[in-house]
Amino acid sequence: MLLPPRSSLARGIDGVWWPRSRDLQTELPTVLPSVGLKLQTLECIHFSPADWTTRVRQLPARDGTVIETRHLVTAGLVVFTGPRVAVIYALIAPDASTSTAEEIAARHLPA
């Protein structure tokens with residue numbers, strides 16, 4: 001999935017995620033409850049390998065189904081897709097300073 005540059009997505013961002021590590025599989029449970037409020041069914045997670053140390057192709061879901069993963073070219077975003085909906089989160093690097101995190105959040109979230 002190719003996305004336009006982040007600057008043109010600023011109004012299309014649904015949230016901001018600041019994980020504690022670069023291990024996608026470990027960090028997903030912290031964000032999935034928030035994503036679940038917007039998606040009834042999660043089918044695929046799109047992420048940039050540059051943002052994470054994990055390179056998983058599939059993740060098991062709680063109900064026994066499998067969630068596919070796909071790579072994004074655009075770093076700094078994670079896209080969660082359902083049957084007809086996508087939820088886009090701006091990603092804050094785990095090692096970002098508080099001021100950098102606040103700047104990213106302010107850029108992508110409504111005041």
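This is a predicted model: local features need pLDDT of at least 70, side-chain atom pairs count only at pLDDT 80 or more; totals for chains, interfaces and linings use all residues.
Residues are numbered from 1 along each chain as its sequence is written, and side-chain values use heavy atoms, with hydrogens and water left out.

The secondary structure of the protein chain comprises 3 helices and 6 strands; helices (H or I, at least four residues) and strands (E, at least two) are DSSP runs, numbered from the N terminus. Read from the N terminus, the order of elements is α-β-α-β-β-β-β-β-α. Of the 111 residues in the chain, 40% are buried (under 20% relative accessible area, with exposed meaning over 50% and partly exposed in between; 1.4 Å probe, protein chains only).

The largest nonpolar core contains 18 residues, a nonpolar core being a set of buried Ala, Val, Leu, Ile, Met, Phe, Trp, Tyr and Cys residues joined through side-chain atoms within 4.5 Å. W17, L28, I45 and F80 touch the most other members of this core. At least two residues each are supplied by α2, β2, β5 (77–81) and β6, and the largest share, 4 residues, comes from α2. A second, separate core has 6 residues, among them I13, L72, V79 and I88.

Two strand residues illustrate the buried part of the chain. H46 lies in strand β2 (residues 44–47) and is buried, at a relative accessible area of 6%. Its side chain is joined to that of T81 by a polar contact of 3.4 Å (a pair of N or O atoms within 3.5 Å; within protein, one must be able to donate a hydrogen and the other to accept it, and residues adjacent in sequence count only if both atoms are side-chain atoms). A90, in strand β6, is buried at 2% relative accessibility. The C-alpha atoms of A90 and D14 are 8.1 Å apart, although 76 residues separate the two in sequence.

Side chains of opposite charge can pair when their charged atoms come close. The whole structure holds 2 salt bridges, each defined as a side-chain nitrogen of Lys or Arg within 4 Å of a carboxyl oxygen of Asp or Glu. One joins D95 and R22, with an N to O distance of 3.6 Å. This pair links distant parts of the chain, 73 residues apart: D95 is in the loop between β6 (86–91) and α3 (98–108), and R22 is in the loop between β1 (15–17) and α2. D95 is exposed, at 63% relative accessible area, whereas R22 is partly exposed at 30%. The other bridge joins R107 and E103, whose closest N and O atoms are 3.8 Å apart. Both residues lie in helix α3, 4 residues apart, about one turn of the helix. R107 is partly exposed, with 46% relative accessibility.

The largest pocket has a volume of about 500 Å³. On a 1 Å grid over the protein atoms alone, a pocket is an open set of points where a 1.4 Å probe fits, with protein on both sides within 12 Å along at least five of seven lines, and lining residues have an atom within 4 Å of a point. Grid points are joined across faces, edges and corners, and the volume is the space filled by probe spheres set on the points. The lining consists of 20 residues, with L32, L42, A61, R62 and I67 lying nearest the pocket centre. Two or more lining residues are given by each of α2 (24–36), β3 (58–60) and β4 (66–71), and α2 gives the largest share, 7 residues. By class, 12 lining residues are nonpolar, 5 polar and 3 charged; Ala, Val, Leu, Ile, Met, Phe, Trp, Tyr, Cys and Pro count as nonpolar, Asp, Glu, Lys and Arg as charged, and the others, Gly among them, as polar.
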